[in-house]
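Subject: Model handover and notes

Hello,

Here is the structure I said I would pass on. My notes follow it.

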Amino acid sequence: MTANTLDNHAAIDDFAALDPGRVALLLDFDGTLVDIAPTPDAVHVPAALCNALARLLQATGGALALVSGRPIADLDRRFSPLKLPIVGGHGAELRVREGETISAVPPLPEALRRRLAEAQALDPGILVEDKGYSLALHYRNAMQSEEALRRHIAEALVGFPGERLEVLPGKALFEVKRPGVSKGESVRLLMRHAPFAGRVPVFIGDDITDETVFAQIPALGGKGYAVGRHFAGVTGIFE
């Protein structure tokens, strides 16, 4: 933590003083709004959280968005009937308002996704999450297989030299996706659209996958708050 980064209590006070009529709230999901679960499907969204977000959505005039690695459809199912603006799939999908989903990322080749999914043969604890435009391999229940999984991914990508790909590390996961797709770039695009345009972006995130957003926030004149760890340029850290 740097000298000008607010600690937990000061960060809470700073956040509480924000004017909801002037800010755009951008919220990561896993590890921020909800605890990390043994599997992505095991995550439960309590009714109290849905109600709180609905109130914040109204207080901010609609300028509240989820910023997640999950697909929009997955988040919609968990927050139903609430339909929020969403940056999904680490930036592969963007919805500013209901019925207007922007997606500029083509799906990964099916053969590549099948090859990557063979990682389950390494360890039954490895979980495959196929999003179409990316594929995530979770090893939170197979921590001993991290290096074997890393090698498997590298070997799989060698077989597809014509594809532009990158591996995004996260909390006990590796996600293979298209390069140039990031939460940060999609947040920058989101902030050009009403009701977000002209507001102060305020982002809360917890993982290395959120670094691209924290990197964009200063240029957008906003504030970033990290959960449980330090990232360069954050305003404060919530413990």
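Phe-15 belongs to helix 1, which covers residues 8–16. The model is a predicted one, and that applies to everything below. The relative accessible area of Phe-15 is 28%, so this residue counts as partly exposed. Leaving out residues up to four places away in sequence, Phe-15 is in contact with Leu-25, Val-202, Ile-204, Tyr-225 and Phe-238.

Next, helix 3. Six of its eight residues are buried, so the rest of the structure largely encloses helix 3. Which residues of helix 3 are the buried ones? They are Ile-72, Asp-74, Leu-75, Asp-76, Arg-78 and Phe-79. The elements that cover them include helix 2 (47–59) and strand 2 (64–67), along with strand 3, strand 4 and strand 5 (100–103). For reading that list of positions, recall that an α-helix has 3.6 residues a turn, so residues three or four places apart point the same way.

Then the backbone, starting with the cis peptide bonds. One runs from Ser-80 to Pro-81, with omega near 10 degrees. Pro-81 sits in the loop that links helix 3 (72–79) to strand 3 (86–88). Another cis bond joins Ala-194 to Pro-195, where omega is about 5 degrees. Pro-195 is placed in the loop between helix 6 (183–190) and strand 10 (200–205).

Positive phi values in residues other than glycine also turned up. His-90 is one of these residues, with phi near 55 degrees. His-90 is found in the loop between strand 3 and strand 4 (93–97). Is His-90 buried or exposed? Its relative accessibility is 7%, and the cut-off for buried is under 20%, so His-90 counts as buried.

Ala-172 likewise is not glycine and has a positive phi, near 55 degrees. The loop that holds Ala-172 lies between strand 8 (166–170) and strand 9 (173–177). Ala-172 counts as buried because its relative accessibility is 16%.

Regards

Definitions and conventions:
Residues numbered from 1 in each chain as written. Predicted model: local features only at pLDDT ≥ 70, side-chain atom pairs only at ≥ 80, totals over all residues. Heavy atoms only, no water. Helix = DSSP H or I, 4+ residues; strand = E, 2+ residues; numbered from the N terminus. Buried < 20%, exposed > 50% of the residue type's maximum accessible area, 1.4 Å probe, protein only. Contact = heavy atoms within 4.5 Å.
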